[in-house]
Amino acid sequence: MRTFDLAIVGGGLAGCSTALHARRKGASVLLLERGRCGGQASGVNYGGVRQQGRAAFELPLARRSRSIWGDLQSLIGSDCEFLATGHLKLARNDADMTELVAHQALLKTHGIHVDILDRSDLRRRYSYIAPGYAGASLCAEDGQANPRLVAPAFARAARSLGADIREQSPVEGIQVNDQEFLITLANDPLPVKARRLVNTAGAWGATIANHLGDQVNEYVMAPNMAVTEPIAPLIGPNLGICGGDIYIRQTPHGSVIFGSGLGDADRDRLRARPKADVTMNAARAAIKMVPELANVLLLRSWTGIEGRMSDGLPVVGPSDRIAGLFHAFGFSGHGFQLGPAVGAVLAELCLDGSSPTPLKGLSISRFAQRATTAGADRPANHS
């Protein structure tokens, strides 16, 4: 029976990044993924790489992650189509503008610069956006990437350094024995041992946490996405809106990706599907924001299963009950940008015992005093 320094359950971006950063520190690493790396939320999301619009507790991770995104080519051998196109958040009214100015001050304390644009600045610089908005904030260093490429690229880089990356390897059971984790696999008669266990199992992260004694509720969501035919360059920065859930970006190949609302997710059956009416409403919202999209052909829609915490913030950090156990799940629809840094921080916590990146407000212990009975404080299922 082989013993690893680190076993990771879940091959999304956070898990694959953890594998890579742990190998770079010289640890022996096993990553177990039930399907394919990046096959769930990490590979089917919108692809936005943004720092602005985040809660204060996420900003240290977001800031560190942005530096990793800018260095992907040298780190993993691919830029994964990352481009710093900018992120433009539109204000509907004066109250939204006040909110953007307050958020600008918060971002500044984390070294993140945004420009506030008034109504005339917005119309002058982005004439393709419908009139009527009060202004916007622009974070120029935010951008986009291709989510289908990123987690697999991190997995390949980790494997090239000697990590044992096992896809199509469902975990059947986990036991804690003598401060080691004994992991049994559904398709391998030989169990494995690990001195530390990292739970990056996405929408199934709470299932593992609860099994090991960290009781927490995790819900599911299925962000409804769509993509158009390629068109001539039109949209520069990613577009979002205060108080709204429509988000739009144009890929380097010309296709326009947009999302709004939720599809259906069945966590137990591993199935998710978009909804036609939600897609049509999203298309209307996209056209309302960018009128020139009115005659563009819609090619397809999709969704995926994502985990959501009741407060909309992920769980990242060590267990407060089990030594050697670390969690990163429940990213609530906005974990793609954070993934590279989450892996770096988890590797540091596992192998160094600490990280220079603070995780205040993200610990699983914040749920310790909350009721865990079925249905208690169940949130509305929206992004």
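**Figure 1. E167, a partly exposed residue at 26% relative accessibility, and the salt bridge that R36 forms with E167.** The model shown is predicted. E167 falls in the partly exposed class because its value of 26% lies between the limits of 20% and 50%. The closest N and O atoms of R36 and E167 are 3.3 Å apart. The two partners are 131 residues apart and link distant parts of the chain. R36 belongs to the loop between β2 (29-32) and α2 (41-44), whereas E167 belongs to the loop between β8 (164-166) and β9 (171-177).

**Figure 2. G35 and its contacts with E167 and Q168.** G35 sits in the loop between β2 and α2. When residues up to four places away in sequence are not counted, G35 touches E167 and Q168. G35 and Q168 are 133 residues apart along the chain, and 4.6 Å separates their C-alpha atoms.

**Figure 3. The salt bridge between R166 and D188.** The N to O distance between these side chains is 3.8 Å. This pair also links distant parts of the chain, with R166 in strand β8 and D188 in strand β11 (residues 188-199), 22 residues apart. D188 has a relative accessible area of 25%, so D188 is partly exposed. Salt bridges with shared partners join D164, R166 and D188 into one network.

**Figure 4. The salt bridge between D96 and R92.** Side chains of opposite charge can pair when their charged atoms come close. Here the side chains of R92 and D96 meet with 2.7 Å from N to O. Which of the classes, buried or partly exposed, holds D96? D96 is buried, because its relative accessible area is 5%, and the class takes in values under 20%. R92, with a relative accessible area of 42%, is partly exposed.

**Figure 5. A344 in helix α10.** Helix α10 spans residues 339-351 and includes A344. The relative accessible area of A344 is 2%, so this residue is buried. Leaving aside neighbours within four places in sequence, the residues in contact with A344 are S17, H21, R64 and I68. A344 and A22 stand 322 residues apart in sequence, yet the distance from C-alpha to C-alpha is 7.8 Å.

**Figure 6. The whole chain, as context for the close-up views.** The secondary structure comes to 10 helices and 22 strands. The radius of gyration is 21 Å, close to the 21 Å given by the globule rule for 383 residues, so the chain is as compact as a globular protein of that length. Taken along the principal axes, the box filled by the C-alpha atoms is roughly 65 × 45 × 40 Å. Of the 383 residues, 54% count as buried. Among contacts between residues at least 6 apart in sequence, 73% join residues at least 24 apart. The chain has 40 positive and 35 negative charges, whose mean positions are 1 Å apart. The count of salt bridges comes to 15.

How values were computed:
Residues are numbered from 1 along each chain as its sequence is written. This is a predicted model: local features need pLDDT of at least 70, side-chain atom pairs count only at pLDDT 80 or more; totals for chains, interfaces and linings use all residues. Side-chain values use heavy atoms; hydrogens and water are left out. Helices (H or I, at least four residues) and strands (E, at least two) are DSSP runs, numbered from the N terminus. The radius of gyration is taken over C-alpha atoms; the globule rule is 2.2 Å times the number of residues to the power 0.38. Buried means under 20% relative accessible area, exposed over 50%, partly exposed in between (1.4 Å probe, protein chains only). Contact means heavy atoms within 4.5 Å. Lys and Arg count as positive and Asp and Glu as negative; His and the chain ends are not counted. The place of a charge is taken as NZ of Lys, CZ of Arg, CG of Asp or CD of Glu. A salt bridge is a side-chain nitrogen of Lys or Arg within 4 Å of a carboxyl oxygen of Asp or Glu.
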